[in-house]
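Grab your viewer and work through these exercises one at a time. Try each task before you read its solution.

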Amino acid sequence: MANELESIIKDFWEVGAEVLPKLSSMNPKKRIAKFVGIYSEFLVHADSIIQGEINGVNVKCKEGCSYCCDHLIVANTGQLVVINEYLNEYPLVREGFIPKYPQWDDAFEPYREAFWYSVSRLKTEKATFDYISSVFSSPCPFLDDGKCSIYEVRPIMCRSWYSKRKFTSCKYNSKIKKLEIQCEEEIVQKILALEHYFLAQFGMREVPPGAGIMTLPHGIYYMKESARFMAGLRSKMS
Ligand code: SF4
Ligand code: SF4
């Protein structure tokens, strides 16, 4: 598996070496489209590796089961850009998200400060991802009638989440048993490395403040609301 992943990464590196020098002549919109295309392809490979890992494992997940979508889901900048572009393409999906966001945001409010600490160096006992995950619960605003409305572009965290216990055990945060997929951490690390490489080529040496790792709902809401953020992102890519 490691070799397969290495060879996929190498392929993407080669694509990058060929494509990236041409990016400087592209307008920001085209650059983002290119980034999204390459990144989406990578996610397809990541999926196939994850599926390979769970082959033969008695996974309890099934369509329409979505207790896991009540948990704390995070995404990094590249993933948020891909999802945001998907929402530009499918505005009805964004329109489904917007009215559900405030309920999620209210539920998250008591944990917001701890979350920011947890992704900084200022972790405390109650400001770690694991602790917040164990106490926070609210349906993801992308959940639509028990199904994911952004399934094609859902974050890597959602892609790699499987349970081999009864699905009802996913209902309570403190009891969740997540199937440890051997390659998950490796995929995440490779994707982060790939993303870092591409963003560096786009001239984004600094990640926009607070956007390195964000909760998925807030990250998308932030991108929608903050014209300044998008203008800054695009100017850094130009
Ligand atoms: S992780 Fe749990 S809640 Fe999510 S789909 Fe699988 S069984 Fe259902
Ligand atoms: S993005 Fe989709 S899969 Fe992930 S938590 Fe939200 S609804 Fe569930």
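Strands here are DSSP runs of E with at least two residues, numbered from the N terminus. Keep in mind that this is a predicted model.

**Exercise 1.** Find where Asp145 sits and work out whether Asp145 is buried or exposed.

*Solution.* Start with the place: Asp145 lies in the loop between strand 2 (143–144) and strand 3 (147–148). Next, check the backbone: phi of Asp145 is near 55°, a positive value in a residue other than glycine. Asp145 has 8 other C-beta atoms within 10 Å, so Asp145 is exposed.

**Exercise 2.** Decide how helix 2 and helix 3 are oriented to each other.

*Solution.* First, the axes of helix 2 and helix 3 come within 10 Å and cross at roughly 110°. Angles of 65 to 115 degrees count as roughly perpendicular, and therefore helix 2 and helix 3 are roughly perpendicular to each other. Then look at who makes the contact: helix 2 brings Ile32, Phe35, Val36, Tyr39 and Ser40, while helix 3 brings Gly78, Val81, Val82 and Glu85. Sorted by class, that contact has six nonpolar, two polar and one charged residues.

**Exercise 3.** Which residues touch the most other members of the largest nonpolar core?

*Solution.* This core has 30 residues, and Val36, Leu80, Val81, Val82, Ile83 and Ile220 touch the most other members. Among the elements giving two or more residues are helix 5 (101–118) and helix 9 (216–225). Helix 2 gives the most, with seven residues.

Key. Residues are numbered from 1 along each chain as its sequence is written. Chains are lettered from A and ligands numbered from 1 in the order in which they are written. This is a predicted model: local features need pLDDT of at least 70, side-chain atom pairs count only at pLDDT 80 or more; totals for chains, interfaces and linings use all residues. A nonpolar core is a set of buried Ala, Val, Leu, Ile, Met, Phe, Trp, Tyr and Cys residues joined through C-beta atoms within 7 Å. A residue is buried if 20 or more other C-beta atoms lie within 10 Å of its own, exposed if 12 or fewer, and partly exposed in between; C-beta atoms are placed from the backbone. Helices (H or I, at least four residues) and strands (E, at least two) are DSSP runs, numbered from the N terminus. Axes are lines fitted to C-alpha atoms, for helices over the stretch in contact, and angles run from 0 to 180 degrees between N-to-C directions. Angles under 35 degrees count as roughly parallel, over 145 as roughly antiparallel, 65 to 115 as roughly perpendicular and the rest as oblique. Two residues are in contact if their C-beta atoms, placed from the backbone, lie within 7 Å. Ala, Val, Leu, Ile, Met, Phe, Trp, Tyr, Cys and Pro count as nonpolar, Asp, Glu, Lys and Arg as charged, and the others, Gly among them, as polar.
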